[in-house]
Amino acid sequence: MKVLLVEDDRDVSETIVTVLNGFFKDVEIQHIADGTQFRGGSWKIPGWNLVILDLMMPGITGFEVCEHLRSFPATKKVPILALTGYDTLQNEEKIISAGATGYMAKPFEVMKLKDEIERILKK
């Protein structure tokens, strides 16, 4: 499974990597931590199975990232799980409208993250 992880918080990133490697087989993860890295375009490579996306990062928002991903042919239909420490109904509605497949508030429980990843991969 090829995962694009767009998250600026090191601790959160490490937890997500632990969940992915612990519960899923043959995981390849590319990590992007800010807008500069995202604008570098390494995410444009086809073959992603999942994007895990933080809503608030330096230099770019998750809303902008989601819109870029949905407008690019190779990532148009890839499931996107949005994570945020700013859990509001407005943020949830906005990111789902931008094309995210799922939404979770931080902090999250490890098993709930695993379950949500499994759920959106089955869609």
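Here is a short chat about the sheet and helices of a predicted model.

Colleague: Hi! What kind of model is this?
Modeller: The model is predicted, so I'd start with the ground rules: local features need pLDDT of at least 70, side-chain atom pairs count only at pLDDT 80 or more, and totals for chains, interfaces and linings use all residues. Residues are numbered from 1 along each chain as its sequence is written, and side-chain values use heavy atoms, leaving out hydrogens and water.

Colleague: Thanks! What order do the strands of the open sheet have?
Modeller: The open sheet has 5 strands in the order β2-β1-β3-β6-β7, with parallel pairing. Strands are DSSP runs of E, at least two residues, and helices are runs of H or I, at least four, numbered from the N terminus; two strands pair if DSSP finds at least two bridges between them.

Colleague: And which strands stand at the edges?
Modeller: Those are β2 (28-32) and β7 (102-105); each has a single partner strand, so one side of each lacks a neighbour in the sheet.

Colleague: How many bridges join β3 to β6?
Modeller: There are 4 between β3 (residues 50-54) and β6 (residues 80-84). V51, for one, has I80 in β6 as its bridge partner.

Colleague: Switching to helices, at what angle do α1 and α5 pack?
Modeller: Helix α1 (residues 10-23) and helix α5 (residues 110-122) pack at about 65°, with axes 10 Å apart. Axes are lines fitted to C-alpha atoms, for helices over the stretch in contact, and angles run from 0 to 180 degrees between N-to-C directions.

Colleague: Which residues make that contact?
Modeller: Among them are I16 and F23 of α1 and L113 and I117 of α5, where contact means heavy atoms within 4.5 Å.
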